[in-house]
Amino acid sequence: MQAYHPKKRLGQNFLTSDKIISKIAEVIDPHPGERIIEIGPGRGALTVRLAESSASITAVEFDRDLIAHLSRLFGTNEKVEVLNQDFLLYEPPYERFKLVGNLPYNITSPVVDWCVRHREAVDCACFMIQKEVARRLSSSPGGKDWSPLAIFTQLHFDVRICFDVAPKHFEPPPKVISSVVELTPRETAPPEYPQQFERLVRQSFKSRRKVLSNNLVPDLIGEMSAAKVILEEAGLATNCRAEQVSTEQFLKLTKLLVSYNIM
Ligand code: SAM
């Protein structure tokens, strides 16, 4: 493609390594008859590799300046559809698909939220994201990385860190190390009270300096004495922190708060 200046605001760090591109394609494992949605195809480096599989590809690129190049690359390939739009507003018409993207790092959380919202259609997802965020996404209770992002993602997906990628494999090189993660849907039933569960989890992590009860009182539970009784009933220490509470314990706590008409 002609001289093109990558746009920082759109997180444009283009992959230059064939080896990394092949490793991502191996994770997503495209087959004829499958639909693959790619977030931000950029100059098409990964798209070309995915298209070799003869799977049907929908490549959603926000940057209008890249569309002419992508259309030239795939114009005659009826298996590749290039859309010029914001992926976050994209509503796919497909019942099932695999999702892949070397993500612009500033939209990682909204893309993961999108994935959770569309979980019934997502066969699997493979994202290149910042290493630190990958560690957070795949964290377990008890560590400093445990967060609402990990809880809401892991409620619906198993998260696996596949491999790390050094800055030299991109143009321009980003300032941070990246990781490729794979999200595989889990069979678990959705929470009984999803809105209350989300509210409880967000409120619990509101201030990481505070113990859980101090985050819940008074915004969610009026009295400290009531909060302590409920925490004990959920099998939690009254001085525990949100970082120590597992998803199952948050679900149990939600049920108790609903049963006491607190939420
Ligand atoms: N896939 C290419 C590669 O690996 O070389 C490009 C990856 S680059 C990190 C991120 C791409 O996402 C850029 O092409 C950028 O223009 C595009 N992008 C940024 N925000 C977007 C959005 N909201 N929706 C769709 N594409 C977006």
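## Val211 and its partners

Val211 lies in the loop between α7 (194-204) and α8, where helices are DSSP runs (H or I) of at least four residues, strands are DSSP runs (E) of at least two, and both are numbered from the N terminus. Leaving aside neighbours within four places in sequence, Val211 is in contact with Asn239, Cys240 and Arg241; contact means heavy atoms within 4.5 Å. Val211 and Asn239 are 28 residues apart along the chain, and their C-alpha atoms are separated by 6.0 Å.

This is a predicted model, in which local features need pLDDT of at least 70, side-chain atom pairs count only at pLDDT 80 or more, and totals for chains, interfaces and linings use all residues. Residues are numbered from 1 along each chain as its sequence is written, and side-chain values use heavy atoms, with hydrogens and water left out.

## Domains and their interface

The domain assignment of the protein chain gives domain 1 (8-185) and domain 2 (194-259); such bounds come from an automatic or database assignment. The centres of the two domains, taken over C-alpha atoms, are separated by 34 Å. At the interface, 10 residues of domain 1 are in contact with 14 residues of domain 2.

The size of an interface is often given as the accessible area lost when the parts come together. Domain 1 and domain 2 bury about 920 Å² between them, 71% of it on carbon and sulfur atoms; buried area is the accessible area (1.4 Å probe) that two parts lose on being put together, summed over both. On the domain 1 side, Trp146, Ile151 and Phe152 lose the most area to domain 2, together 52% of what that side buries.

## Salt bridges

The structure holds 17 salt bridges, each a side-chain nitrogen of Lys or Arg within 4 Å of a carboxyl oxygen of Asp or Glu. Across the interface of domain 1 and domain 2, the rule finds zero.

## The largest pocket

The largest pocket holds about 510 Å³ of space. A pocket is an open set of points on a 1 Å grid over the protein atoms alone, where a 1.4 Å probe fits, with protein on both sides within 12 Å along at least five of seven lines; lining residues have an atom within 4 Å of a point. Points are joined across faces, edges and corners, and the volume is the space filled by probe spheres set on them.

The lining has 31 residues, of which Leu10, Gly40, Glu61, Asn102 and Pro104 lie nearest the pocket's centre. The elements giving two or more residues to this lining are β1 (14-15), β2 (35-39), α2 (45-51) and β3 (56-61).

## Backbone exceptions

Most residues other than glycine have a negative phi, and most peptide bonds are trans. Asp29, not a glycine, has a positive phi of about 45° and lies in the loop between α1 (18-28) and β2.

A cis peptide bond joins Glu171 and Pro172, with omega about -10°; Pro172 lies in the loop between β8 (170-171) and β9 (178-185). The bond from Val217 to Pro218 is also cis, with omega near 5°, and Pro218 is in the loop between α8 (212-216) and α9 (224-233).
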